[in-house]
Amino acid sequence: MMFRSPLFLTTVLYLTALPVAAHAAERADPGDTAWMLISTALVLVMLPGLALFYAGMVRAKNVLSTSMHTFAAMAIIGVQWVVIGYSLAFGGSGRFIGGLGNMFLAGIGPDSVTGTIPTYVFAMFQGMFAIITPALISGAVAGRMKFSSYCIFILLWATLVYDPLAHWVWGEGGWLLEMGALDFAGGTVVHLSSGLSALILAIALGKRHGFPHERMAPHNLPMTLLGAGLLWFGWFGFNAGSALSAGGSAALAFTTTQTAAAAGALSWLLIEWRLAGKPSALGAASGIVAGLVVITPAAGFVTPGWALVMGLMAGAVCYSGVMLKHKLGYDDSLDAFGVHGVGGAFGALATGIFATVGASSLLTGDPHQLWVQILGVLAAGAYAAIVTIILLWIIDKTLGLRVSKEEEIIGLDQTLHSESAYDI
């Protein structure tokens, strides 16, 4: 009976469909293709970098469970993207969603070209973005969320939140793209959506047992610094690769990425030095990521001078965003909202202020662009928030979201994975 089912037959047809050489008359540029292959690999390096970055900030009993959040995303979303994610995001020209024509990457072959690169390379490059975005959310739930519920959540979130947002901003016919919204490498699509969803998830889960009265210091800051370094390294592919070619736009994005990351780290350290009395290693790592997040939507649209300004502002803005959890009382374990949510929104708005390369902005006398950026932030944020709330309600009513108090106290490495990071 299974072999007669429509679902089975449809799946077989997609899996066995002969690749169609889209735009067969066009040829991929070898230089652009080589750069995009490298960029795709650079973005992949960000994932173990993120795992180290987050794992170093938790207590020793939750190192592996925290790392598994990232590696689970690599597995789950890596499959989801090939099966349906790419098709929903880039497989059609609707205003709000792509289509199902490229499920299992059907209709794409070795000769298919997107721009000046093979479509397979474009699909894999975009797939790395799809993987890391839900992994960023995990920073808000460390030490207290069921692994099974997390896996179901990121699968549904990627399908219902990330894929539509990617189409809105980057897909053919996407309504924000048609409106003129600027998002070079994912300020709203990646950082705002994940950061805001992380805040909602942190509130839904509730505070960690003992927070904020019990000391919950990072157990291994060298690990976090190594992770920050790998993120910085991989981010060159993330931003400069978003030019989709090896030309001047990639060179500009490379330069602004480096400049903003350095400025963000410097700004955070100076603020911390002034307010807390001493600069910290965690502050340096957080400042690096803050600068990278804020420049992401603007990387190919601003000059290095304005990237420096945005990076310096990023340290202050994201430092304030992290401090919000102490004022408002929510437990964003690893500051996913404070850095990615706040930084992503600020970067998108700042793009509408400072863009001068290939785009207009408030700086060039175009207030309309800033309005479009504001609308994009509000629309993407509202959509991500509403869908996240619905998903969490459904999962909580079925599987439950949070581990038991006993499991949390023992540590999730042992209780969820039967492993220990340090057998000393």
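Tutor: We take salt bridges, then backbone geometry. This is a predicted model, where local features need pLDDT of at least 70, side-chain atom pairs count only at pLDDT 80 or more, and totals for chains, interfaces and linings use all residues. Residues are numbered from 1 along each chain as its sequence is written, and side-chain values use heavy atoms, with hydrogens and water left out.

Student: How many salt bridges are found in the whole structure?

Tutor: The search finds 4. A salt bridge here is a side-chain nitrogen of Lys or Arg within 4 Å of a carboxyl oxygen of Asp or Glu.

Student: Which residue does Asp331 form a salt bridge with?

Tutor: Arg208, with the closest N and O atoms 2.9 Å apart. Asp331 is in the loop between helix 11 (304–328) and helix 12 (336–354), and Arg208 is in the loop between helix 7 (187–205) and helix 8 (221–240), so the pair ties together parts that are 123 residues apart in sequence. Helices (H or I, at least four residues) and strands (E, at least two) are DSSP runs, numbered from the N terminus.

Student: Is Asp331 buried or exposed?

Tutor: Buried, at 1% relative accessible area. Arg208 also counts as buried, at 13%. The cut-offs are under 20% relative accessible area for buried, over 50% for exposed, and partly exposed in between (1.4 Å probe, protein chains only).

Student: What about Asp335, which side chain does that one meet?

Tutor: Lys325, at 2.7 Å from N to O. Asp335 lies in the loop between helix 11 and helix 12 and Lys325 in helix 11, so this pair ties together parts 10 residues apart in sequence. Both Asp335 and Lys325 are buried.

Student: And Glu408, what is its partner?

Tutor: Arg402, with N to O at 2.9 Å. Glu408 is buried at 4% relative accessibility, while Arg402 is partly exposed at 26%.

Student: Switching to the backbone. Where is the cis peptide bond?

Tutor: From Phe211 to Pro212, with omega near 5°. Pro212 is in the loop between helix 7 and helix 8.

Student: Which residue has a positive phi of about 60° without being a glycine?

Tutor: Phe104. Phe104 is in the loop between helix 3 (63–90) and strand 1 (113–114), and is partly exposed at 21% relative accessibility.

Student: And the one with phi of about 55°?

Tutor: That is Ser418, also not a glycine, and its phi is positive. Ser418 sits in the segment after helix 15 (412–417) and is exposed, with a relative accessible area of 63%.
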